[in-house]
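The briefing that follows is arranged by topic, and it is meant to be read alongside the sequence and the coordinates.

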Amino acid sequence: MIDLLKDDDSKFLVLEKLSEKNLNNSFSVEPQYEEYRDFLYKDALLYQSLLISKTYLLIERDSRNIVAYISLAADTVALKPQEKRK
């Protein structure tokens, strides 16, 4: 658990790193955003195990429903050899 929420919010919500334990089937989205749900349930744990990204869940304390998530990934900027010299 990470305590980054305001005091008022932390009474109702908790931020946790994604794990098999806290990944339940409660996250829902509008049909046009289904790829976000698909990523969470099909790819996020795999990407985390491959060190591609880390995902954090915003969860309601009482119901344990997933309200939102954020996935953080490191990336690189490809430079041409002449750009690297600069």
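Residues are called buried under 20% relative accessible area, exposed over 50%, and partly exposed in between. R64, with a relative accessible area of 32%, is therefore partly exposed. The model described here is a predicted one, and the protein in it holds 3 helices and 3 strands, whose order from the N terminus on is α-β-α-β-β-α.

**Overall composition**

- The protein has 86 residues, of which 22% count as buried.
- About 6800 Å² of accessible surface is computed for the protein, and carbon and sulfur atoms contribute 52% of that area.

- Strands of a sheet pair through backbone hydrogen bonds, in either a parallel or an antiparallel sense.
- Strand 1 pairs with strand 2 (residues 53-60) in the antiparallel sense over 5 bridges; in strand 2, L57 is the bridge partner of E16, while Y56 is the bridge partner of K17.
- Strand 2 and strand 3 also run antiparallel and are joined by 7 bridges, with Y56 standing opposite I70 in strand 3.
- Strand 2 and strand 3 form a hairpin with 5 residues between them, and in its turn R64 has a positive phi of about 65 degrees.

- Strand 2 is largely enclosed by the rest of the structure, because 6 of its 8 residues are buried.
- S53 has its place in strand 2, and its relative accessible area of 6% means that it counts as buried.
- When its neighbours within four places in sequence are left aside, S53 is in contact with F39, Y47, Q48, S71, L72 and A73.

**The salt bridge**

- Side chains of opposite charge can pair when their charged atoms come close.
- The count for this structure comes to 1 salt bridge, in which the side chains of E16 and R64 meet at 3.0 Å from N to O.
- The pair links distant parts of the chain, since E16 is in strand 1 and R64 is in the loop between strand 2 and strand 3, 48 residues apart.
- How do the two partners compare in burial: which is buried and which is partly exposed? E16 counts as buried at 15% relative accessibility, whereas R64 is partly exposed at 32%.

**Aromatic pairs**

- The structure holds 4 aromatic pairs, one of which is formed by F27 and Y69, whose ring centres are 5.5 Å apart and whose planes are at 70 degrees, so that this pair is edge-to-face.
- Because F27 lies in the loop between strand 1 and helix 2 and Y69 lies in strand 3, the pair ties together parts that are 42 residues apart in sequence.
- F27 has a relative accessible area of 7% and is therefore buried.
- F39 and Y47 have ring centres 5.6 Å apart and planes at 70 degrees, so this pair, too, is edge-to-face.
- Y47 has a relative accessible area of 30%, which means that it is partly exposed.
- Ring pairs link F27, F39, Y47 and Y69 into a cluster, and F39 and Y47 from this cluster are also among the residues in contact with S53.

Conventions. Residues numbered from 1 in each chain as written. Predicted model: local features only at pLDDT ≥ 70, side-chain atom pairs only at ≥ 80, totals over all residues. Heavy atoms only, no water. Pairing = 2+ DSSP bridges. Helix = DSSP H or I, 4+ residues; strand = E, 2+ residues; numbered from the N terminus. Salt bridge = Lys/Arg side-chain N within 4 Å of Asp/Glu carboxyl O. Buried < 20%, exposed > 50% of the residue type's maximum accessible area, 1.4 Å probe, protein only. Phe/Tyr/Trp six-rings, centres within 6.5 Å; stacked < 30°, edge-to-face > 60°. Areas by Shrake-Rupley, 256 points an atom, 1.4 Å probe, with all protein chains shown as cover. Contact = heavy atoms within 4.5 Å.
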